[in-house]
Amino acid sequence: LFLVKTSFSQLAILLVMIKRSVGKLNVNNTAYFLCDIQERFRNLITYMPAVIDVSSNLITASKILGMPMVVSEQYPSVFGHTVQELSDIFPKQNILKYEKSQFSMVTPEVDEFFKENENIDSVLLSGIESHICVQQTCLDLLERDINVHIITDGVSSQNASDRFMSFERMKQCGAFLTTSESAFFMLLKHSKNQHFTKMLNGIFKKQRIDNGLYPNSNL
């Protein structure tokens with residue numbers, strides 16, 4: 001019935017209006033979400049040193065590029081606070097840090113963050129655990145029409161199978177799987193960006209830590 005009442009020209013216009021997002025990042029509408037990288041989990045999560053290192057780079061990039069940050073802690077009275085390597089370099093401003101009991105980061109505080117930052121339509125997401133808090137955060141953000149970029153070298157779980165199956169699950173739902181360096185270069189756009197030298201010296205020249213992604217690079 002719809003096809004009978006709709007001309008081909010009208011259908012063409014509708015198809016043009018349905019624009020597929022390809023996941024391009026723009027520094028002016030992107031925020032960084034850091035999920036539950038807390039002290040109690042330090043020796044439990046596979047490739048935790050890489051997760052901490054990559055998240056450190058993401059914090060540094062957020063400060064250099066002026067992107068807002070959102071940081072959650074799951075029951076810090078039980079699991080401790082964010083690891084010191086990260087909390088010591090948190091920005092003094094442009095950051096929302098809060099405690100939570102639910103698994104998803106998307107709490108009333110975060111809903112308020114989006115109301116106050118209506119320009120934000122993309123999120124870089126790192127943290128733990130991939131198949132629980134990160135995945136539920138991702139799905140809640142997607143339901144709010146936020147483009148989610150999973151920073152795979154900065155996301156992990158206790159078990160490798162949970163980590164990689166959650167990547168598949170989030171990709172199926174519309175999240176973009178990427179790496180920290182890929183995201184950084186997309187945000188910079190070109191080598192003449194005024195922040196390129198700071199990013200080069202503060203991040204790109206650092207020695208890489210094994211993140212366990214290579215054997216599963218087909219993802």
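**Chat notes on a predicted model**

Me: What does the secondary structure of the protein come to?
Reply: Ten helices and six strands. Keep in mind that this is a predicted model.

Me: What share of the residues counts as buried?
Reply: 47% of the 219 residues in the protein count as buried.

Me: And the accessible surface, how much is there?
Reply: The protein has about 11900 Å² of accessible surface. Carbon and sulfur atoms hold 53% of that.

Me: What part of the contacts comes from residues 24 or more positions apart?
Reply: Taking contacts in the protein with a separation of 6 or more, 80% are between residues 24 or more positions apart.

Me: Helix packing next. What numbers describe a packed pair in general?
Reply: Two of them: the angle between the axes and the distance between the axes.

Me: OK, what are they for α3 and α10?
Reply: The angle is about 165° and the axes are 10 Å apart. Helix α3 covers residues 48-65, and helix α10 covers residues 196-204.

Me: Roughly parallel or roughly antiparallel?
Reply: Roughly antiparallel. The cut-off is an angle over 145 degrees, so α3 and α10 qualify.

Me: Left-handed or right-handed crossing?
Reply: α3 passes α10 in a right-handed crossing.

Me: Which residues meet there?
Reply: On the α3 side, Asn57, Thr60, Ala61, Ile64 and Leu65. On the α10 side, Lys198, Met199 and Ile203.

Me: How does that contact split by class?
Reply: The contact of α3 with α10 has five nonpolar residues, two polar and one charged.

Me: How does α9 sit against α10?
Reply: Helix α9, residues 180-188, crosses α10 at roughly 170°. Their axes come within 11 Å. That makes α9 roughly antiparallel to α10.

Me: Who touches whom in that pair?
Reply: α9 brings Glu181, Phe184, Phe185 and Leu188. They meet Phe196, Met199, Ile203 and Phe204 of α10. By class, the contact of α9 with α10 divides into seven nonpolar, no polar and one charged.

Me: Switching to strands. Where is Ile151?
Reply: In strand β5, residues 147-156.

Me: Buried or exposed?
Reply: Ile151 is at 0% relative accessibility, so it counts as buried.

Me: What does Ile151 touch beyond four places in sequence?
Reply: Val54, Leu58, Leu124, Leu125, Ser126, Thr178, Thr179, Ser180 and Ala183. Among them, Thr178 is 27 residues away in sequence, with a C-alpha to C-alpha distance of 5.4 Å.

Me: What about Thr152, where does that one sit?
Reply: Thr152 is in strand β5 too. Thr152 is buried, with a relative accessible area of 8%. The cut-off for buried is under 20%.

Me: Which helix holds Leu141?
Reply: Helix α7. Leu141 is buried, with a relative accessible area of 0%.

Me: What packs around Leu141?
Reply: Setting aside neighbours within four places in sequence, Leu141 contacts Phe33, Val106, Phe114, Val123, Ile146 and Val148.

Me: How far is Leu141 from Asp121?
Reply: Their C-alpha atoms are separated by 9.6 Å. Along the chain they are 20 residues apart.

Me: What is the phi of Asp36?
Reply: Near 60°, which is positive in a residue other than glycine. Asp36 lies in the loop between β1 (30-35) and α3.

Me: And Asp145? What is its phi?
Reply: Asp145 has a positive phi of about 60° and is not a glycine. Asp145 lies in the loop between α7 and β5.

Notes
Residues are numbered from 1 along each chain as its sequence is written. This is a predicted model: local features need pLDDT of at least 70, side-chain atom pairs count only at pLDDT 80 or more; totals for chains, interfaces and linings use all residues. Side-chain values use heavy atoms; hydrogens and water are left out. Helices (H or I, at least four residues) and strands (E, at least two) are DSSP runs, numbered from the N terminus. Buried means under 20% relative accessible area, exposed over 50%, partly exposed in between (1.4 Å probe, protein chains only). Contact means heavy atoms within 4.5 Å. Axes are lines fitted to C-alpha atoms, for helices over the stretch in contact, and angles run from 0 to 180 degrees between N-to-C directions. Angles under 35 degrees count as roughly parallel, over 145 as roughly antiparallel, 65 to 115 as roughly perpendicular and the rest as oblique. A crossing is left-handed if the near helix is turned anticlockwise from the far one by less than a right angle, and right-handed if clockwise. Ala, Val, Leu, Ile, Met, Phe, Trp, Tyr, Cys and Pro count as nonpolar, Asp, Glu, Lys and Arg as charged, and the others, Gly among them, as polar. Accessible areas come from the Shrake-Rupley method with a 1.4 Å probe; for residues, only the protein chains shown count as cover.
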